[in-house]
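Work through the exercises below with the structure in view. Try each task before reading its solution.

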Amino acid sequence: MDRSCVEELSNESGKRRTPAPATLHRMGSGACSVVLDPTPETGVEAESRKLPSSQYKGVVPQPNGRWGAQIYEKHQRVWLGTFPEEADAARAYDVAAQRFRGRDAVTNFTPLSENDDDGAAELAFLAAHSKAEIVDMLRKHTFCDELRQSKRAGKASGSIVGKRSPRSLSVSDRDILFDKVVTPSDVGKLNRLVIPKQHAEKHFPMEIGSGSAGMLLNFEDVSGKVWRFRYSYWNSSQSYVLTKGWSRFVKEKSLKAGDVVTFWRSRGPEKQLYIDWKPREAAAAAAFAGRPVAHVQVVRLFGVNIFRTPVGCGAAGGGNDGGAEGKRVREMELFPPEQFLKKQCIGAL
């Protein structure tokens, strides 16, 4: 067989192996239409790319198998987060709908009612928080925990759950853990608060096996609002930090460098954690108010006023500071300021 015959046969076999493209068919109409390819292989691929629809309002499927929740506010979509179960996403939509649209909201499950104690408590909790706060809780999956904390606080104080009234927890009912003066980096773009190592290991010991993921800590402020921070250990800087949730606290409280954040713990069996803060000026005034008042004696020697303070009357908080300040006072007594010596010399001339 010559070379031309072989080339002719190869061309004919190549033509037979390449079928002509089939016509695509569209089934359905509108946005729900699906394009199907009559070829079996491509038809299976097209069908696998089609995600199943949800039976709940405000719930959309995700390519990774999870379920997303969303709601529309003023013709704009508000994303509420993703959830492992379809029903969880539906409940998240119900929470947002009842906060955004009130009692007339259309929900997937039975709407909340004020005739029910739990329903009334949740409605009060929703009314006590802004829309942005509720959306943030749903996205971070902290809504249920914060609602539970608010209910427990309401039962303990006998007040309506969710109301932002100052708590009547006295100082005798809780123990102060430590104070932290926030630095510029604590309130900067790093979005983290460094906890001193001695306080972290004493009051917030890390769970075994938590690793870099850390754990979540719930703190309640003086208004009864629950703050949830992620507490972890950074190997890079070898420091204990509060990360997730801290930037929101800084923004809402308008924290600045030099302000003091105080951490407390209740003495009850629940060991509830509390957080409070004071501006730099208020913290300085409180520290100054706690200092003992020293009696200053003025002695005039060679025409120079020498101020004399009793030894030991230093800053509040211990003998070390007081001793150091007393030492400085004695030095000033023995060696008056240079300008006084100059005046004395000029007067003598």
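The exercises cover a sheet, a pocket, a helix and a loop.

The model is predicted: local features need pLDDT of at least 70 and side-chain atom pairs pLDDT 80 or more, while totals for chains, interfaces and linings use all residues. Residues are numbered from 1 along each chain as its sequence is written, and side-chain values use heavy atoms, without hydrogens and water.

**Exercise 1. Give the strand order of the open sheet of seven strands and find its edge strands.**

Step 1. Helices (H or I, at least four residues) and strands (E, at least two) are DSSP runs, numbered from the N terminus. Two strands pair if DSSP finds at least two bridges between them.

Step 2. The order is β6-β11-β12-β8-β9-β10-β7, and the pairing is mixed. At the edges are β6 (174-181) and β7 (193-195), each of which pairs on one side only. From one strand to the next, the twist averages 35°.

Step 3. Take one pair as an example. β8 (residues 215-220) and β12 (residues 273-278) are parallel, with two bridges. Phe219 has Leu273 in β12 as its bridge partner.

**Exercise 2. Which strands does helix α8 lie across, and at what angle does α8 run to β9?**

Step 1. Axes are lines fitted to C-alpha atoms, for helices over the stretch in contact (heavy atoms within 4.5 Å), and angles run from 0 to 180 degrees between N-to-C directions.

Step 2. α8 (residues 246-253) lies across β7, β9, β10, β11 and β12. The angle to β9 (226-234) is about 130°.

**Exercise 3. Describe the lining of the largest pocket.**

Step 1. A pocket is an open set of points on a 1 Å grid over the protein atoms alone, where a 1.4 Å probe fits, with protein on both sides within 12 Å along at least five of seven lines; lining residues have an atom within 4 Å of a point.

Step 2. There are 20 lining residues, and Arg91, Ala92, Val95, Phe143 and Cys144 lie nearest the centre.

Step 3. α3 (86-101), α5 (131-140) and α6 (143-157) each supply at least two residues. The most come from α3, which gives six.

**Exercise 4. Where is Pro52, and which residues is Pro52 in contact with, leaving aside neighbours within four places in sequence?**

Step 1. Pro52 is in the loop between α2 (40-49) and β3 (59-61).

Step 2. With those neighbours within four places left aside, the contacts of Pro52 are Pro61 and Trp67.

Step 3. Gln62 is 10 residues from Pro52 along the chain, and their C-alpha atoms are separated by 9.3 Å.
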